[in-house]
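Dear colleague,

Please find below the structure that I am handing over to you.

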Amino acid sequence: MTNLKLHLLPPSPNNVKVLIALAYKGIDFDAVLINPGDPSNRDSIIADTGQCLTPAINHNGVKLFDSSAILRYLDCNFPGPRLYAEDRAAHKEIEGWESYHRNQLGPHLGGAFGMFFSGETDDTRVAQINQGLNDATAKLEEALEGKDWLVGDTMTAADITVASFLGYSCLNDEEAAQSKVWQWMQQRFDLGANRENCRAHAHRVMKHLPQFSSFGWTF
Ligand SMILES: N[C@@H](CCC(=O)N[C@@H](CS)C(=O)NCC(=O)O)C(=O)O
């Protein structure tokens, strides 16, 4: 039993961000899984955080939801490698990549997950999403030229947020094996031509992701 409880829906990109950040900073937690067999039952997360979306935490009675807020909370309150930066320019650069992940990558991710939950594949829409991803990642491909990380010499929240939102479109077999949703994504979505820096970056970040089965997720 730790003093940090994490309400979790593991394959979701916003949850992946927090799982990677926790592993990177070496923070132990107790996972409380949303039951995929009974997804409408949110009693536990609502009791802990007053809302129903994951990820959400309860740390010694401090209740918090939203992945971006949680990354900030972990960075402010726990030791370990930094997710943000003391330096003003570096910090603003990290926040710039957070905006990019939300505004430039987010709509394509939303389209892909929307299709998954609809239960039907629309090939035209798949092609549009893949083209949109290729267009949106030109800037990222250039920024990663000759570099492992987006800001400075270590992984930060910039890398974690961007890779968590792009990961579903460049999953390798080992990553996809973590979840049925990801296997479905792997068969449809791809970043397209000339995105090797983006793919390598996503795999570099995803290496920090724990096995979902380690906290009982087998779906
Ligand atoms: N802005 C929020 C988004 C939270 C969110 O939409 N969570 C999704 C998973 S990515 C969720 O819990 N979905 C379950 C549902 O809609 O019932 C964050 O970054 O944490």
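**The sheet**

In this predicted model, Leu 6 has Ile 57 of β3 as its bridge partner.

The protein chain is divided into two domains. Domain 1 consists of 4-83 together with 210-215, while domain 2 spans 88-206. Taken over C-alpha atoms, the centres of domain 1 and domain 2 are 21 Å apart.

How many residues does each domain bring to the contact? Domain 1 supplies 14 residues and domain 2 supplies 17 residues. On the side of domain 1 that touches domain 2, the elements giving two or more residues are α1 (13-25) and α3 (67-77). Of these, α1 provides the largest share of that side, namely six residues. Sorted by class, the side of domain 1 that touches domain 2 holds eleven nonpolar residues, two polar residues and one charged residue.

**A helix pair: α4 and α5**

Two packed helices are described by the angle between their axes and the distance between the axes. For helix α4 (residues 88-118) and helix α5 (residues 123-136), the axes come within 9 Å and cross at roughly 160 degrees. Angles over 145 degrees count as roughly antiparallel, and therefore α4 is roughly antiparallel to α5. The crossing in which α4 passes α5 is left-handed.

Which residues meet where α4 and α5 are in contact? From α4 come Gln 104, Leu 105, His 108, Gly 111, Ala 112 and Met 115. From α5, they are met by Arg 125, Ile 129, Gly 132, Leu 133 and Ala 136. By class, this contact of α4 with α5 comprises six nonpolar residues, four polar residues and one charged residue.

Yours sincerely

Key: Residues are numbered from 1 along each chain as its sequence is written. This is a predicted model: local features need pLDDT of at least 70, side-chain atom pairs count only at pLDDT 80 or more; totals for chains, interfaces and linings use all residues. Domain bounds come from an automatic or database domain assignment. Two residues are in contact if their C-beta atoms, placed from the backbone, lie within 7 Å. Helices (H or I, at least four residues) and strands (E, at least two) are DSSP runs, numbered from the N terminus. Ala, Val, Leu, Ile, Met, Phe, Trp, Tyr, Cys and Pro count as nonpolar, Asp, Glu, Lys and Arg as charged, and the others, Gly among them, as polar. Two strands pair if DSSP finds at least two bridges between them. Axes are lines fitted to C-alpha atoms, for helices over the stretch in contact, and angles run from 0 to 180 degrees between N-to-C directions. Angles under 35 degrees count as roughly parallel, over 145 as roughly antiparallel, 65 to 115 as roughly perpendicular and the rest as oblique. A crossing is left-handed if the near helix is turned anticlockwise from the far one by less than a right angle, and right-handed if clockwise.
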